[in-house]
Amino acid sequence: MKITGYKTKTHDAPTKRYCQTLDLKDDPALIEEYVRRHSENGSWPEIREGIRSVGILEMEIYILGNRLFMIVETPLDFDWDEAFGRLATLPRQQEWEDCMSVFQQAKENASSAEKWKPMERIFRLYD
């Protein structure tokens, strides 16, 4: 596989980034279905709209084996706890979380904020 990189979106204002991880159940069929449900045609429009409505500018999820890595870009004044509190109340959000829990290594009925674990940056190539 040739490594080509991924183009990033440019925003009109400075942003901050959150990086999180989550493990899926180690079952190839479940992983394949999880990936399909996160495709452009497989994800629910209400979920994408809800993510944007709470102030998230960009969200990307990467996979290696059963390990997921999520990058979230937001405005500098973004409040993670407040935004994800609002996100949890939006239409179909809990239904989506319930559907995704089948694939994830997490406690039953855990919220998105409880499932995804924040990662600590340990290296940066400074300017």
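This is a predicted model: local features need pLDDT of at least 70, side-chain atom pairs count only at pLDDT 80 or more; totals for chains, interfaces and linings use all residues.
Strand 1 (residues 15-23) and strand 3 (residues 67-75) are joined by 9 bridges and run in the antiparallel sense, and within this pairing Leu-22 has Leu-68 of strand 3 as its bridge partner.

Taken together, the 4 strands make an open antiparallel sheet whose order is 2-3-1-4. Strand 2 (58-64) and strand 4 are at the edges, and because each has a single partner strand, one side of each is left without a neighbour in the sheet.

| Strand pair | Sense | Bridges |
|---|---|---|
| Strand 1 and strand 3 | antiparallel | 9 bridges |

Turning to the helices, helix 4 (residues 93-101) has Gln-93, Trp-96, Glu-97 and Met-100 as buried residues. These residues lie on the same side of helix 4, because they cover an arc of only 100° around the axis. The buried residues of helix 4 pack against helix 1 (28-37), helix 2 (45-53), helix 3 (80-87) and helix 5 (112-115).

Arg-92 is a residue other than glycine with a positive phi, near 70°, and its relative accessible area of 31% makes Arg-92 partly exposed.

In soluble globular proteins, nonpolar side chains tend to be buried together. The largest nonpolar core of this model holds 21 residues, of which Leu-24, Tyr-34, Ile-56, Leu-68 and Trp-116 touch the most other members. Helix 1, helix 2, strand 3, helix 3 and helix 4 are the elements that give two or more residues to this core, and helix 3 gives the most, with 4 residues.

When neighbours within four places in sequence are left aside, Tyr-34 is in contact with Leu-22, Leu-24, Leu-68, Met-100, Phe-103, Gln-104 and Trp-116. With Gln-104, the side chain of Tyr-34 also makes a polar contact, side chain to side chain, at 3.4 Å. Ala-106, which is 72 residues from Tyr-34 along the chain, has its C-alpha atom 15 Å from that of Tyr-34.

Leu-68, the bridge partner of Leu-22 in the sheet, touches Gln-20, Thr-21, Leu-22, Leu-24, Tyr-34, Ile-61, Tyr-62, Ile-63 and Trp-116, when residues up to four places away in sequence are not counted.

Finally, the cysteines deserve a note. The count of disulfides comes to 0. Cys-19 is partly exposed, with a relative accessibility of 24%, and Cys-99 is also partly exposed, at 25% relative accessibility.

Notes
Residues are numbered from 1 along each chain as its sequence is written. Side-chain values use heavy atoms; hydrogens and water are left out. Two strands pair if DSSP finds at least two bridges between them. Buried means under 20% relative accessible area, exposed over 50%, partly exposed in between (1.4 Å probe, protein chains only). The arc is that of the directions from the helix axis to the C-beta atoms. Contact means heavy atoms within 4.5 Å. A polar contact is a pair of N or O atoms within 3.5 Å; within protein, one must be able to donate a hydrogen and the other to accept it, and residues adjacent in sequence count only if both atoms are side-chain atoms. A disulfide is a pair of cysteine sulfur atoms within 2.5 Å. A nonpolar core is a set of buried Ala, Val, Leu, Ile, Met, Phe, Trp, Tyr and Cys residues joined through side-chain atoms within 4.5 Å.
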